[in-house]
Amino acid sequence: MDDVLFVVSKVFWALARPNTLALVLAVAGLLLVWRGRRAGRWPLAAGLGWYAAVFALPVAALLTLPLEERFARPSTLPGEVTGVVVLGGAVEQELTEAHGIPAINGAAERMTEAVALMRRHPGAKLVFTGGTAAVIPGGPTEADTARRLFTDLGIPADRLVFEQMSRNTHENAVLTHRMLQPRPGETWLLVTSASHMPRAMGCFRVAGWTILPWPVNYTTGRDPGLWWLWPFPTRLNQAEWAMREWIGLVAYRLMGRTDALFPGP
């Protein structure tokens, strides 16, 4: 059943791309109008309307800011941190395999902050969770790339733990809990992008974790009024990412994978 849900979710996420859907609607509407079909005006207006809204209005900032501000880092931590759980999504397996050097993407702070936390807390474990999101698995997993990166950055092997079977955030939470069996009184930190933290925390709570959020990779400042300084392609990418997170929150809640529609502190 999990495999069926995974395939369905892959199809769903492939379609849940506002920029692509808007482009398809605009092109389809334009073709219909060109052929004299008045009904084509509606998809044309909807598709172009998305791009116009992102260009002329603070759509990206307003969609992203509530996600990134939902969870703040703890002001103080207990004296001893048991471990740091880092979610996949920041490494590029294919580029790593092609060029022989660990490749990371725009979510790189998930990895760099994890290394910084290891140095601040010398007794903590670093747990990376991430397999592959491919429908047909094969080749290196995210954990394989993360192992190379953390080793190259000097993290001792005895402080590293890798979970490489998970394919999404739900499985990140379930499989790491099953692997680590966290006990009462332990202090675990969850590292992921700030905009992804609400869905991640919801999943980890349902999986049985008591874990502290440690958000990274912020894309908005505290003043959304500066949105117009962002290049238009950046705004499009950010708006799409935020929309996909909001859609993911609804979908995960409907599937019972999170503890609330919009998990909070």
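Two strands count as paired if DSSP finds at least two bridges between them. Helices (H or I, at least four residues) and strands (E, at least two) are DSSP runs, numbered from the N terminus. Strand β4 (residues 188-193) and β5 run parallel and are joined by five bridges. The model is predicted: local features need pLDDT of at least 70, side-chain atom pairs count only at pLDDT 80 or more, and totals for chains, interfaces and linings use all residues. Residues are numbered from 1 along each chain as its sequence is written, and side-chain values use heavy atoms, leaving out hydrogens and water.

**Sheet**
- Five strands form an open sheet in the order β3-β2-β1-β4-β5, with parallel pairing.
- At the edges are β3 (160-163) and β5 (212-216), each pairing on one side only.
- L190 has P213 in β5 as its bridge partner.

**Helices across the sheet**
- Helix α8 (residues 169-180) lies across β1 (83-87), β2 (125-129), β3 and β4, where contact means heavy atoms within 4.5 Å.
- The direction of α8 is at about 130° to β3; axes are lines fitted to C-alpha atoms, for helices over the stretch in contact, and angles run from 0 to 180 degrees between N-to-C directions.
- Helix α9 (residues 197-206) lies across β1, β4 and β5, at about 145° to β4.

**Helix pair α6 and α7**
- The axes of α6 (residues 109-120) and α7 (residues 142-152) come within 11 Å and cross at roughly 45°.
- M111, A114 and V115 of α6 make the contact with A146, L149 and F150 of α7.
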